[in-house]
Amino acid sequence: MPSAESSFSAQKFAGYGVAAVAAVLVLYPVFFLLQAALDVGDPQVRPPTAYGLDNFSGIFQYPQILLNTLTVSVAATVMSLVFGFVMAWILTRTNVPGRHLFEQLMAVPYYLTPLLGALAWSLLGSPESGFINQVWRALGGNDHLIDINTAYGIAWVMALFEGSVAFVMIAAVMKSMDPALEEASQIMGAGRLRTMLRITLPLVVPGVLGAAIFVFAEMLGSFAAALVLGTPSRYYVITTAIYQLVQQYPPKIQIAAAMGASLFAVMFFMLFLYRRIVMAGSYVTITGKAFRPRVADIGPLRYLLLGVCLLYLFAAVGLPLITLLYASLQKIAVAFPAADNWTLENFRIAVTMNAVRSALGNSLLLGFATATIGVVLMGLLAWLIYRSRLPGSGLIEYVVMFPQAVPRLVFAFGLMWAWVVFPIPIYGTLSLLLIAYLTVFLPLGVRTIAGVMLQIDKSLEECAQMCGASWAFRVRTVTIPLLVPGLVAAWLLLFIASIRELGASILLMGPHSKVITPSIVESWFGTSSELTAALALIQTLVVAIAMIVLVTITRRVGAHPVE
Amino acid sequence: MPPSPAPGSQVSPTPHIEVNGLELYYGSVPAVRGVSFNVLPGEQLTLLGPSGCGKTTTLRAIAGLEQPTAGEIRIDGVTVYSSQRGISIRAEKRGLSMVFQSYAIWPHMTVFENVAYGLRVRRKVAAEIAERVDRALEMVQMRNFASRRAAQLSGGQQQRVALARAFVFSPSVLLFDEPLSNLDAKLRADMRIELRELQHRLGITSVYVTHDLEEALAMSDRIVVMRDGLIEQTGTPDEIYRLPNSAFVADFVGSANLIRGRHRVDLDTDGLTALETSAGHIVYGMAYERAVGAELVVSVRTVHLRISTEPPAAMQNVWRVPVRQTVFQGDFTQVHLGWGEQHLIARCAAMEPLAAGQQVYIAVEPRHVVVLAG
């Protein structure tokens, strides 16, 4: 037995090593973002020659953009909350038929991505050629019935997808409410309405408010729907404006950086607020105990509510997919195609065209690399933050969760600016995209793995230690085998997220390192909507396959009792 | 390991575990505030106390799973932790073993693999592992379950596997963190006896943590009663039960009536200490060589109060009191009695039913009236 612990410890070495990697990944681009935002010197010269706040006041030269952003975000938030609340109420508190199935289906819109929805809804609702408007005119209507290329059109598409996020958050609050609280009210003689107003609502309010703030922050940073639907009518929100300012010639990097930094600050504040509300305000979620909520028998009304559920899922999932399929099978996408308009050509081009094949190949490669490296990195980080009790782990958690508050486009901007001056020529390569993905998906990966890790009783690891096993031996024989299902799930989630990534990729990909999602956008604006529809469906298929594997695995984990 | 010498024997051997001035703070919250005790070779020592008293923290500090704030821990004469000398040996290097409250059976391994773990860590050859695991499982009567997975075991079976896993690699010390608290009452009583027997057979030094008094009394050579991060009393189960030195111990270890009053030095006789309550009752008790102040608290166990309807023969400590209430509790009946301003509780086995308001005699022998320290 040694008389003193050696100063070198594998555990500390691994811990602080990974922490340092994470810190560099996150903070290096943020530093360059802030540097560019504060740079008021000659934009051609780096490092900056003068610093100041002029760029920030410069933002107010674009009042329209700020107004647009607010309009879209507020409208989308309100709609998402309505969708989320109604669906949560129906599925947790009424005896609507098939509610357990619906509850699982509610995750699907989230996996379908706003980009896919925007493409489909653009095909459906653009004022001239939109299918819905074609039908409208065929029925004798004038002009157009709906115009998707407006603030409310953008908000509608965003809300359809964010609605499933709002649903998850609000349903969690409703589920964690002890039904005894309502029953007590009724025992005291209060009627149903009074119970609803005086007990149920006040208990749910903090949770809904939290969801509102969270969703609003997400909406401020969202990019895809505004890009696809707003660009044709030159309707810009802050994210698309940043993209435009960076892409145009000459680029206005400094003002774009200031916009990015401001957006980042606002989102950071909102998410901070969200955490405060969730931690302090919600009396309901504190216990963390899942109750079986009281389900009201609503009689025949339940078939109406069933219709509401079906309608939402149809608008968010069914209709977009059908529309894309419908468009992808035509030469020129119209609502009433002639017999000779049908074709499989789009799919043939999609799988044979070199540009597409290389983009898809790159995306798959990046997906594998991101998921594989990510699982190791994020697994170690999760262990470091939630298990190691090494000093400073709380700070590392903050750093790791940081990208959550930064829109991926803004993060990519910082990365771009950071790596352009990096001595190793990494800019415009897949390696840079890999770095970007590993950074922006840190919160996703760490949270997924931590969720599984926290389920594993700590004493399982401590017991191995008491049996005399060294840290490395413990990790290999106990921690990792127990974590495997969670790690596989995290791997697939990271893979899916990489395949669908748009905001970061669109700024960072070079001409020889194209990936699939930005290519879909390029194809939309540059080639044809029919081919784009085919591409989007192929991407969806890849994601769907990964999803099915994921669900199968998580099911199996659920059946396997790990403490 | 030499077999355990009887507690209180002439020779006092070198302690196997020495804990000196142990303190442990979580931030600024104290969990252990300065605890010192020794464990002799082969001894079974129990840390007893209510939840939050610091007993589990103390155990985990010995194990090396918690980092103390101050103090010193020595095992087999080797300092494994010392705040002054900056020594802190990692848990896996301390040569101890532990049975966890949650059993911590690894769900991804079979029973055999679970038990073999400590031997594999020590790089034993396959034949030796098979032989020793087999013997360990035999000792806990789980030999037929070797190829089962943990998920297929009941709580009691998991407990046995955890036990076999803990001693199979012949550790120098076994630590138990409330190992029986997740079992149902009947199984707990059986396991208590089994554990005690096993501990004797192995002759292994052990430290046992529990909040269950019966468990502590039945299993320990010595008990350390803890409260709020400090030691209240250390002694054999008999000492702890018979001669509690504080109101807390008297009350926590079994149920006791605590009686306060003034010391009547003028009435002290033949080693008896006299006390007058505020209601004017004179109570004779024994100080057992403890210092006696002007204000006294004595403890009378509820089982030592005798109730009779006829006047008893004793001259001292006899009172005629009204029955307030009786509560039938199966093996005994709890009788609440009025006694001046306070009330007393007596537990009697198999008794004639008493009506509320009925007058009875209660008596207690002075040797059962224990004067509490300071």
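Reader: How many bridges join strand β1 of chain B to β2(B)?

Author: This is a predicted model. Strand β1 of chain B covers residues 17-26, and it runs antiparallel to β2(B). One facing pair is Tyr25(B) and Pro30(B), the latter in β2(B). The number of bridges that join β1(B) to β2(B) is eight.

Reader: Which strands are the edge strands of the open sheet of five strands in chain B?

Author: The order of the sheet is β2-β1-β4-β5-β6 (chain B), and the pairing is antiparallel. An edge strand pairs on one side only. The edge strands are β2 (29-39) and β6 of chain B.

Reader: Which strands of the sheet does helix α1 of chain B touch?

Author: Helix α1 of chain B, residues 55-63, packs on the sheet. Its direction makes about 115° with that of β1(B). The strands touched by α1(B) are β1, β2 and β4 (70-75) of chain B.

Reader: Why is α1(B) described as largely enclosed by the rest of the structure?

Author: A residue counts as buried if 20 or more other C-beta atoms lie within 10 Å of its own. In α1(B) the buried residues include Lys55(B), Arg60(B) and Ile62(B). The helix α1(B) is largely enclosed because its buried residues number nine of the nine.

Reader: Which residue with a positive phi follows α1(B)?

Author: The helix α1(B) ends at residue 63. The residue that follows α1(B) has a positive phi, near 100°, and is Gly64(B).

Reader: What distance does helix α5 of chain B reach from its first C-alpha to its last?

Author: Helix α5 of chain B has 18 residues, 185-202. Just after α5(B), Gly203(B) takes a positive phi of about 60°. At 1.5 Å a residue, the expected reach of α5(B) is 26 Å, and the value in the model is close to this: 26 Å.

Reader: Which residue is the bridge partner of Ala256(B) in β15(B)?

Author: Strand β12 of chain B, residues 256-263, is joined to strand β15 of chain B, residues 295-301, by seven bridges. These two strands run antiparallel. The partner of Ala256(B) in β15(B) is Arg301(B).

Reader: Which residue in the turn between β18(B) and β19(B) has a positive phi?

Author: Strands β18 (residues 333-339) and β19 (residues 342-348) of chain B pair in the antiparallel sense over seven bridges. Thr333(B) has Cys348(B) as its bridge partner in β19(B). The two strands form a hairpin with two residues between them, and the turn residue with a positive phi, about 65°, is Gly340(B).

Reader: What share of the residues of chain B count as buried?

Author: Chain B has eight helices and 21 strands. Its C-alpha trace spans about 75 × 50 × 45 Å along the principal axes. Of its 374 residues, the share that count as buried is 39%.

Reader: How many residues of chain B are in contact with chain A, and how many of these are nonpolar?

Author: The contact takes 25 residues of chain B and 24 residues of chain A. On the chain B side, β6 (87-88), β7 (96-99) and α2 (111-121) each give two or more residues. By class, this side has four charged residues and six polar ones. The counts asked for are 25 residues of chain B in contact and, among nonpolar residues on that side, 15.

Reader: Which helix gives the most to the side of domain 1 of chain A that touches domain 2 of chain A?

Author: Domain 1 of chain A is 9-39 + 344-558, and domain 2 is 72-235 + 285-342. Their contact takes 21 residues from domain 1 of chain A and 18 residues from domain 2 of chain A. On the domain 1 side, α15 (345-352), α24 (516-526) and α25 (529-559) of chain A each supply at least two residues. The one that gives the most, with 10 residues, is α25(A).

Reader: Is Phe473(A) buried, exposed or partly exposed?

Author: Phe473(A) lies in helix α22 of chain A, residues 471-500. Being buried takes 20 or more other C-beta atoms within 10 Å, and being exposed takes 12 or fewer. Phe473(A) has 17, so Phe473(A) is partly exposed.

Terms used
Residues are numbered from 1 along each chain as its sequence is written. Chains are lettered from A and ligands numbered from 1 in the order in which they are written. This is a predicted model: local features need pLDDT of at least 70, side-chain atom pairs count only at pLDDT 80 or more; totals for chains, interfaces and linings use all residues. Helices (H or I, at least four residues) and strands (E, at least two) are DSSP runs, numbered from the N terminus. The expected span of a helix is 1.5 Å times one less than its number of residues. Domain bounds come from an automatic or database domain assignment. Two residues are in contact if their C-beta atoms, placed from the backbone, lie within 7 Å. Ala, Val, Leu, Ile, Met, Phe, Trp, Tyr, Cys and Pro count as nonpolar, Asp, Glu, Lys and Arg as charged, and the others, Gly among them, as polar. Two strands pair if DSSP finds at least two bridges between them. Axes are lines fitted to C-alpha atoms, for helices over the stretch in contact, and angles run from 0 to 180 degrees between N-to-C directions.
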